Amino acid sequence: MKELILKTENINETHALGEKIGRAAERNMVFTLEGDLGAGKTTLTQGIAKGLDIKRNITSPTFTILKVYQGRMPLYHIDAYRLEGIVQDLGFDELMDDDGLTVIEWSQFVPSLIPDEHMTVSIRLLEGDQREFTFTAYGSQYEKLLEEIA
């Protein structure tokens, strides 16, 4: 397990950080995003999508739970907020084996879905539009990614 803490001053820097992550990401990676409402989970995902060469507008999948975007690899954007306590198989684990990148917001509500190797991104609101990102890498490919974005 390896950790990296980065700060952004505004939305543009958060997008740029996400884009850097998207450019360095590899197929079958899973990122879990943690943070309060409005912390910047979807904003970071928008940057990741840009780094994956996705042209579509990225919005929160709060009401649809899953949105799929096509770029140089698929982006599976899951919002698990409304899945707390649901035990039925929704097929999300199959997506993670489908050569795309999976981003899960509110992953604490679907702990059984998270593979042993993944990246946890905890986002903390600071003053104004400032954010603090704590990246925790579980697995060597994620540790390598941290070195690339540091």
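Student: Leaving aside its neighbours within four places in sequence, which residues is Glu 132 in contact with?
Tutor: The structure is a predicted model. Glu 132 has its place in strand E7. Once neighbours within four places in sequence are set aside, the contacts of Glu 132 are Ile 5, Leu 6, Lys 7, Ser 122, Ile 123, Arg 124 and Leu 126.

Student: Is Glu 132 buried or exposed?
Tutor: A residue counts as buried under 20% relative accessible area. The relative accessibility of Glu 132 is 14%, so Glu 132 is buried.

Student: Which residue forms a salt bridge with Glu 132?
Tutor: One of the contacts of Glu 132 is Arg 124. At 45% relative accessibility, Arg 124 counts as partly exposed. The closest N and O atoms are 3.2 Å apart in the salt bridge that Glu 132 forms with Arg 124.

Student: What distance separates the C-alpha atoms of Glu 132 and Val 121?
Tutor: Glu 132 is in strand E7, and Val 121 is in strand E6. Along the chain they are 11 residues apart, and their C-alpha atoms are separated by 9.9 Å.

Student: Which residues does Val 121 touch, not counting those up to four places away in sequence?
Tutor: Val 121 is buried, with a relative accessible area of 2%. With residues up to four places away in sequence not counted, Val 121 touches Thr 32, Leu 33, Glu 34, Leu 44, Phe 133, Thr 134 and Phe 135.

Student: How many residues lie between E3 and E4 in their hairpin?
Tutor: E3 and strand E4 (residues 75–79) pair in the antiparallel sense over 4 bridges. Among the residues involved, Leu 66 has Ile 78 in E4 as its bridge partner. The number of residues between E3 and E4 in the hairpin is 5.

Student: Which side chain of opposite charge is nearest to Lys 41?
Tutor: Lys 41 is found in helix H2. Lys 41 is buried yet has no salt bridge. A salt bridge needs the nitrogen and the carboxyl oxygen within 4 Å. The nearest side chain of opposite charge is 5.0 Å away and belongs to Glu 105.

Student: Which backbone oxygen does the side chain of Lys 41 reach?
Tutor: The contacts of Lys 41, leaving aside neighbours within four places in sequence, include Gly 35, Asp 36 and Trp 106. At 2.9 Å, the side chain of Lys 41 reaches the backbone oxygen of Asp 36.

Student: How many residues apart in sequence are the parts that Lys 50 and Glu 19 tie together?
Tutor: The whole structure has 7 salt bridges. One of them joins the side chains of Lys 50 and Glu 19, at 3.8 Å from N to O. Lys 50 lies in helix H2 and Glu 19 in helix H1 (residues 11–24), so the pair ties together parts whose separation in sequence is 31 residues.

Student: Where does Glu 26, the salt-bridge partner of Lys 144, lie?
Tutor: In the salt bridge of Lys 144 with Glu 26, the closest N and O atoms are 3.6 Å apart. The pair ties together parts 118 residues apart in sequence, because Lys 144 lies in helix H4 and Glu 26 in the loop between H1 and E2.

Student: Which residues do salt bridges that share partners join into one network?
Tutor: Lys 50 forms a salt bridge with Glu 19. Through shared partners, one network joins Glu 19, Arg 23, Lys 50 and Asp 53.

Definitions and conventions: Residues are numbered from 1 along each chain as its sequence is written. This is a predicted model: local features need pLDDT of at least 70, side-chain atom pairs count only at pLDDT 80 or more; totals for chains, interfaces and linings use all residues. Side-chain values use heavy atoms; hydrogens and water are left out. Two strands pair if DSSP finds at least two bridges between them. Helices (H or I, at least four residues) and strands (E, at least two) are DSSP runs, numbered from the N terminus. Buried means under 20% relative accessible area, exposed over 50%, partly exposed in between (1.4 Å probe, protein chains only). Contact means heavy atoms within 4.5 Å. Lys and Arg count as positive and Asp and Glu as negative; His and the chain ends are not counted. A polar contact is a pair of N or O atoms within 3.5 Å; within protein, one must be able to donate a hydrogen and the other to accept it, and residues adjacent in sequence count only if both atoms are side-chain atoms.
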